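Welcome! Take a look at the sequence and the 3D view, and then read on for a short tour.

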Protein chains: 2
Amino acid sequence: MKHNFSAGPSILPKEVFQQASDGILNFNDLELSVLEISHRSKDFVEVLDRSVALVKDLLNLPDTHKPLFLTGGASSQFFMAPMNLLAASDTAHYVDTGSWSTKAIKEAKLYGEVNVLASSKEDKFSYIPKDYAKPTSGTYLHLTSNNTIYGTQYAEFPESAIPIVCDMSSDIFSRPIDPDAFGLIYAGAQKNMGPAGTTLVIVNEEMLGKVDRDIPTMLDYRTHIKKNSAFNTPPVFPIYVSMLVMEWVQKNGGVKMMQQRNEEKADLMYGEIDRNPLFRGVAAKEDRSKMNATFILNNAELEEHFLQACKKANCVGLKGHRSVGGFRASMYNALPIESVRVLVEVMQEFEGTHG
Amino acid sequence: MKHNFSAGPSILPKEVFQQASDGILNFNDLELSVLEISHRSKDFVEVLDRSVALVKDLLNLPDTHKPLFLTGGASSQFFMAPMNLLAASDTAHYVDTGSWSTKAIKEAKLYGEVNVLASSKEDKFSYIPKDYAKPTSGTYLHLTSNNTIYGTQYAEFPESAIPIVCDMSSDIFSRPIDPDAFGLIYAGAQKNMGPAGTTLVIVNEEMLGKVDRDIPTMLDYRTHIKKNSAFNTPPVFPIYVSMLVMEWVQKNGGVKMMQQRNEEKADLMYGEIDRNPLFRGVAAKEDRSKMNATFILNNAELEEHFLQACKKANCVGLKGHRSVGGFRASMYNALPIESVRVLVEVMQEFEGTHG
């Protein structure tokens, strides 16, 4: 068995792989593959309805907040959010916590005034800025809740007088949230929700209808709300697998239990990073991500040796992002704590050999 | 075994279902699921490269024509094509052959001058207009090569002095084409290419860089050309399965053999529609689609009986689109001729019972 620490696309629950594999040969006992059924069939409409219901249930959404299953990744939401929400003469506020925020800021500038409240760029995005005047006006405050590359995460979201628009691609369903604080949440599926190929968007309807630009039909959130994410053929299989993953989350105690498991895994992982004299963490301690632990070897020359030791123990996906270097242990919902234990053992043995 | 005549998502080769199902449990002997590997991993980069090579090979593309694997369906190409190609002061010509063309026309109007050369709307889109003055100027001529709803298809594409932009969602890889005639080809995967969730775009680079509007990064074809369809996380699994389907096409003689098989199936199907006194075809004979045969019962009261007879013989997906009624037998590349034989037998037995 491999221990998959990949940053995304990433590990999903083992039982989901089995269900998905079975569904490709015979879905719902139809003697048809889930890949060959119509998106208008009763069986797929049920998948879509159930997926929407699961999002609402897991995140405790009020009726104003509509879950949509779109495509194009979070990268498409970087422009779709301001295109749908931000009038040309209005201002949106952004906090720049890394590569994804930076891209979101770039796209938003095509649509309205963009005010960058704070950035940790000068410190290689190793912390989450908190010391800035909170906006009292403007259309929304944009945040990236978890930064996969740098291993930082908002432990708490800031209080905000205006709706928060949040990229939760890499930590959705990893903990409870207060949905009322959010005007829009978006997340590429391929970390905690499912395989690559669908993007969850949760939009508070009250945010919509306030811009007067022409929006192509497929880019208008209202199209997809009205048609329950089936205006055109949705990505059937990625949505199906996302449903299976959300069912697994629900069966395993919901986002509250996910949070507890994720904290246990993070404690174990960061505990070893802090204890082991060969390693050190990259991100500011109070902003450490529970999803992606970034760390380096004090002696960079040992990097290749360590990756080899990981590989020997079946731990894969640990190479850090090229812009940060070192290592990254991604510990999404589906990663069992046993995998973290194995990695910690590898680090301890490595200390024995190279310490 | 079911005979799947669904209009899309639709039947794919049986061996592809098996390969896809296996890949979800253990991809390339990595002991990892294809759903959990990084899109930057060597194994997936190979899938992407191979998919691009297969498109080039199957359609005999010149180097100017770049295959891209995007998302958002053909519905997103309705606006992306004019957004990328059509300057505000220039004209694009459209032929309106049904619901999809109509939607493409609507979106194009957001970007430049749109001239509708011809339409068969007044005759319920039952034929392909051919009697119109071919444009001698303008940016492109937009065509929908096959119309799933009405069961019409261009038997031959018109000679055009300007590049053709073509929606080939429902007949790509069903026959050889002359790529030089096309400035842009797009196709949602979920008929002849793969499962829902990716969209093939083939763009002649010479068409690009001629508009001066701001284009969001994700909507700019140049972004995806430059990054080989991996600017952001692409839809890994839909692309993987598309690759498997294209390999199957190649192994089975390429698009030339597909054409021959499709003609055999269509001959059998339309032969029975024309012979059987209970049924009649919907589309003009010379424009009949080899992908989707639309037909009705002369006595509409027997419709439910016929669908029941089909079901009993394991023939599914035959109900016609609500806007046309009657029946639709979709016969994409992967549908075996045996399935058409079974359906023809059902029609013959139905004649015996109700004739």
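Which residues of the largest nonpolar core touch the most other members? They are L184(A), L200(A), L184(B) and L200(B), out of 213 residues in that core. This is a predicted model, in which local features need pLDDT of at least 70 and side-chain atom pairs count only at pLDDT 80 or more, while totals for chains, interfaces and linings use all residues. Residues are numbered from 1 along each chain as its sequence is written, with chains lettered from A and ligands numbered from 1 in the order in which they are written.

**The core**
- A nonpolar core is a set of buried Ala, Val, Leu, Ile, Met, Phe, Trp, Tyr and Cys residues joined through C-beta atoms within 7 Å; buried means that 20 or more other C-beta atoms lie within 10 Å of a residue's own, with C-beta atoms placed from the backbone.
- Leaving aside neighbours within four places in sequence, L184(A) is in contact (C-beta atoms, placed from the backbone, within 7 Å) with residues including A81(A), L85(A) and V165(A).

**Where the chains meet**
- Chain A brings 46 residues to the contact and chain B brings 47.
- On the side of chain B that touches chain A, the helix α1(B) gives the most, with five residues; helices are DSSP runs of H or I with at least four residues, numbered from the N terminus.

**Two helices of chain B**
- The axes of α1(B) and α6(B), which are lines fitted to C-alpha atoms over the stretch in contact, come within 10 Å.
- Among the residues making this contact are V16(B) of α1(B) and W248(B) of α6(B).

How values were computed. A residue is buried if 20 or more other C-beta atoms lie within 10 Å of its own, exposed if 12 or fewer, and partly exposed in between; C-beta atoms are placed from the backbone. Axes are lines fitted to C-alpha atoms, for helices over the stretch in contact, and angles run from 0 to 180 degrees between N-to-C directions.
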